[in-house]
Amino acid sequence: MKKSSFRAASIVAGAVLAMPAVPVPAHALTAYVSNERDNTISIVDLDAMKTVKTIDVGQRPRGIAVTADNKSILVCASDDDTVQIIDRATLQITGELPSGPDPETFALGEGGNRLFISNENDQLVTVIDIPSRTVVAKIPTGVEPEGMTVSPDGKTVVNTSETTNMAHFIDYATRKVVATVLVDLRPRIAQFKHDGSELWVSSELGGTVSVIDPVKHVVKNKIHFEIQGLRSDVIQPVGIRFTRDDSKAFVALGPANRVAVIDTETGTVEKYLLVGQRVWQMAFTPEDKYLLTTNGLSNDVSVIDVAAMKVIRSIQVGRLPWGVAVSAQ
Amino acid sequence: MGRPNRSMRNGISRRGVIAVLLTLAASRGHADVSTIRIGYVRSTARRPMISLLEQPAPDAGLAGAKLGIDDNNTTGSTFGQAFELIDVPVRKGADLPAALERLAGQGVRVVMTDLAANSVLTLASAARTRDMTIINLAAPDDSLREQDCRANLIHVAPARSMLADAVAQYLVWKKWTRWFLVVGSYPSDKLLADAYRRSAKRFGAKIVQEKVSEDTGGSRQSDSGVVQTQQQIPVLTQGAPEYDVLIAADENEVFAGYLPYRTWDPRPVAGSAGLEPVTWDSSSESWGGTQLQNRFVRLFNRRMMPLDMQAWTGVRMVGEAAARSGSTDPDKLVSTIKSPDFGIAAYKGQLLTLRDWDLQLRQPILLAGGRTVVSISPQPGFLHQTTTLDTIGIDRPETKCKLQ
């Protein structure tokens with residue numbers, strides 16, 4: 001990206017600059033962090049390990065992702081009842097997706113071309129074809145869907161619900177709920193392993209992660225957390241990420257201010273990494289080099305060096321950072 | 001409230017339909033549906049409140065219980081469990097043992113009630129011989145958790161000591177430690193004042209002055225009443241030594257609502273007016289609370305009040321016990337609720353669990369400021385070896401309760 005065009009873009013977009021505009025090299029490893037409180041996205045240069053720019057987006061930005069073609073950023077602007085599309089090159093909002101009301105988060109499916117959005121108040125999952133920006137399905141869930149994920153083969157949509165404390169398996173072809181699995185209290189995030197062999201569901205108030213067999217629809221293992229010196233009620237699992245080879249899982253533990261590293265073979269916690277305050281969401285950088293965590297109460301992102309299993313940096317972002325997405329291009 | 005109203009069509013019926021769909025979808029050998037009936041012995045007495053905004057609805061509490069049943073059924077449908085509420089509205093002086101007997105005849109073993117302490121005890125005693133369990137939704141009396149505690153009496157309602165401690169922790173955190181305590185003239189007001197005195201001692205605040213506000217009768221707001229109130233409240237609160245905050249102990253809604261902005265000295269008000277300790281506030285939206293609020297408004301066309309939350313919580317405890325134990329046997333449900341690893345999620349950011357020494361539900365207390373939730377106690381810095389929730393109320397080492 002040329003320096004001049006970058007500046008021009010900033011002015012046109014009316015962006016708030018966190019610091020003097022520093023050009024982001026075209027190849028830079030970049031993280032995009034939605035700041036729920038500020039209505040902004042922080043753009044973090046992961047080579048320089050700092051926030052280089054902050055852009056204004058819609059109200060209450062939460063779920064965030066980079067599209068499959070790497071050209072756009074998608075962000076749920078919950079209080080504006082829309083998902084905004086932001087051009088990565090110009091950092092301008094170029095359009096919206098018809099998300100339905102109060103989108104909190106979404107999952108990408110079908111090679112990144114389908115967006116599955118939970119609409120809590122309407123008890124719906126809205127499915128959007130991203131290239132054509134159209135709604136292709138509205139699936140009634142019967143309960144308020146919160147966590148949202150799609151199986152790697154695209155055949156199964158899973159939503160979690162706080163009302164039922166269950167993971168609801170929806171067959172995408174027939175749009176029907178085919179199974180429900182009871183987990184511990186306040187399920188938040190559901191995440192399939194990359195090979196689709198297991199679905200992990202975090203229970204924020206139950207303090208556990210349920211490992212579910214997605215074929216038999218049963219909880220086959222439950223992962224508990226214990227941290228010396230911390231009461232169990234502050235251990236509140238939310239975000240879950242698997243390494244590419246599925247050998248390790250990382251679970252963000254909310255107000256415990258730690259990320260648990262789990263051996264997925266045995267289900268044992270190998271390590272707790274101390275990060276910022278109230279850690280919720282996470283994203284890997286390519287090749288699983290770093291894992292980034294959003295820390296809502298300390299307004300920063302922790303950078304975990306995955307090979308070394310160490311927190312190497314914390315990067316200041318906006319207020320109440322919620323979600324994070326990464327692009328290498 | 002634009003958003004909730006838009007979806008009025010999404011009422012119980014739709015959820016019911018979906019529940020059936022879920023049942024069909026997950027029909028894995030649940031041919032039989034087993035029904036759990038929960039009784040609700042409910043007071044129909046309604047006392048006028050000072051603020052028109054706080055007038056209790058005819059279905060106060062009942063609406064919360066209904067929503068709880070609805071939520072229970074959504075989960076229960078996949079296990080072949082159904083929940084029913086049996087509403088027993090009672091007037092003052094009703095024959096409570098007879099009401100309980102009728103419920104027993106309908107197969108009810110768990111009965112919620114929002115009656116006052118003496119009636120709760122009557123019910124608990126009558127329930128014992130019938131092997132029934134009473135859930136106290138509203139009576140805040142510490143005596144019910146202390147000398148009068150019962151092994152078949154579970155308290156969802158926070159005790160006065162919990163409410164007072166919740167306020168006290170916040171005031172101490174603010175360093176507003178000089179209190180002017182104004183107490184109503186009813187016995188319950190005196191008990192509440194006792195709770196504030198205990199809290200002051202416990203957390204290092206000082207009550208610099210106490211005053212009693214006699215109930216001299218008369219109606220709530222009247223057309224020219226506001227003129228008189230403007231004269232009376234300054235006089236009531238005049239002449240106090242230096243203080244930081246006025247605490248009102250007025251459970252009967254006689255004077256506290258008139259205090260804010262009318263005190264002799266310009267001081268904030270807490271307790272029964274101003275900053276109030278509650279189990280719920282219709283402005284609470286944290287921890288997924290927005291969805292609960294919207295669901296409630298959609299179904300009942302009014303805001304969710306604290307008693308609704310207490311009734312919802314009582315019903316949900318039974319539902320949660322059924323889901324976790326996989327049973328509809330009332331004995332199993334009650335023993336599950338009393339087991340150490342039982343907890344309930346109630347939009348308060350942490351699990352609510354039962355104190356095993358007096359069967360009081362541990363819970364954070366919201367401090368409502370009228371338009372928003374100002375804070376939530378326990379406050380940071382008040383530590384406890386087991387759970388910070390036990391920094392509010394009567395803790396294990398202090399209890400006088402002997403459950404039997």
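Tutor: Two strands pair if DSSP finds at least two bridges between them. Helices and strands are themselves DSSP runs, numbered from the N terminus (helices are H or I with at least four residues, strands are E with at least two). The model is predicted, so local features need pLDDT of at least 70 and side-chain atom pairs count only at pLDDT 80 or more, while totals for chains, interfaces and linings use all residues. Residues are numbered from 1 along each chain as its sequence is written, chains are lettered from A and ligands numbered from 1 in the order in which they are written, and side-chain values use heavy atoms, without hydrogens and water.

Student: What makes β24(A) and β25(A) a pair?

Tutor: Strand β24(A) and strand β25 (residues 290-295) of chain A share four bridges, and the rule asks for at least two. Therefore they count as paired, in the antiparallel sense.

Student: Why is β24(A) said to be largely enclosed by the rest of the structure?

Tutor: Six of the six residues of β24(A) are buried, so the strand is largely enclosed. Buried means under 20% relative accessible area, exposed means over 50%, and partly exposed lies in between (1.4 Å probe, protein chains only).

Student: How do you know whether A:N165 is buried or exposed?

Tutor: The relative accessible area of A:N165 is 2%, and the limit for buried is under 20%, so A:N165 is buried. A:N165 sits in the loop between β13 (156-161) and β14 (166-171) of chain A. Its phi is near 55°, a positive value in a residue other than glycine. A:R186 has a phi near 50°, again positive in a residue other than glycine. A:R186 lies in the loop between β15 (176-182) and β16 of chain A and, at 4% relative accessibility, counts as buried.

Student: Which strands make up the open sheet of chain A, and in what order?

Tutor: The order is β4-β5-β6-β7 of chain A, with antiparallel pairing. Its edge strands are β4 and β7 (93-97) of chain A, each of which pairs on one side only. From one strand to the next the twist averages 25°; the axes are lines fitted to C-alpha atoms (for helices over the stretch in contact), with angles from 0 to 180 degrees between N-to-C directions.

Student: Why are B:C149 and B:C401 called a disulfide?

Tutor: A disulfide is a pair of cysteine sulfur atoms within 2.5 Å. The sulfur atoms of B:C149 and B:C401 are 2.1 Å apart, so the pair qualifies. The structure holds one disulfide over all chains.

Student: What makes the disulfide of B:C149 and B:C401 right-handed, and what does the pair tie together?

Tutor: The torsion about the S-S bond is about 90°, so the disulfide is right-handed. B:C149 lies in the loop between β4 (133-136) and β5 (153-155) of chain B and B:C401 in the segment after β12 of chain B, so the pair ties together parts 252 residues apart in sequence. Both B:C149 and B:C401 are buried.

Student: What makes a space a cavity, and what makes it a pocket?

Tutor: On a 1 Å grid over the protein atoms alone, a cavity is a set of points where a 1.4 Å probe fits but cannot get out. A pocket is an open set with protein on both sides within 12 Å along at least five of seven lines, and lining residues have an atom within 4 Å of a point. Grid points are joined across faces, edges and corners, and a volume is the space filled by probe spheres set on the points. The count comes to three cavities of 30 Å³ or more. The largest cavity holds about 70 Å³, and its lining includes A:N165, A:E162, B:R295 and B:W312.

Student: How much space lies in the second largest pocket, and which residues lie nearest its centre?

Tutor: The second largest pocket holds about 1300 Å³. Of its 47 lining residues, A:A65, A:L108, A:Q191, A:H194 and A:R241 lie nearest the centre. The strand β28(A) gives the most to this lining, with six residues.
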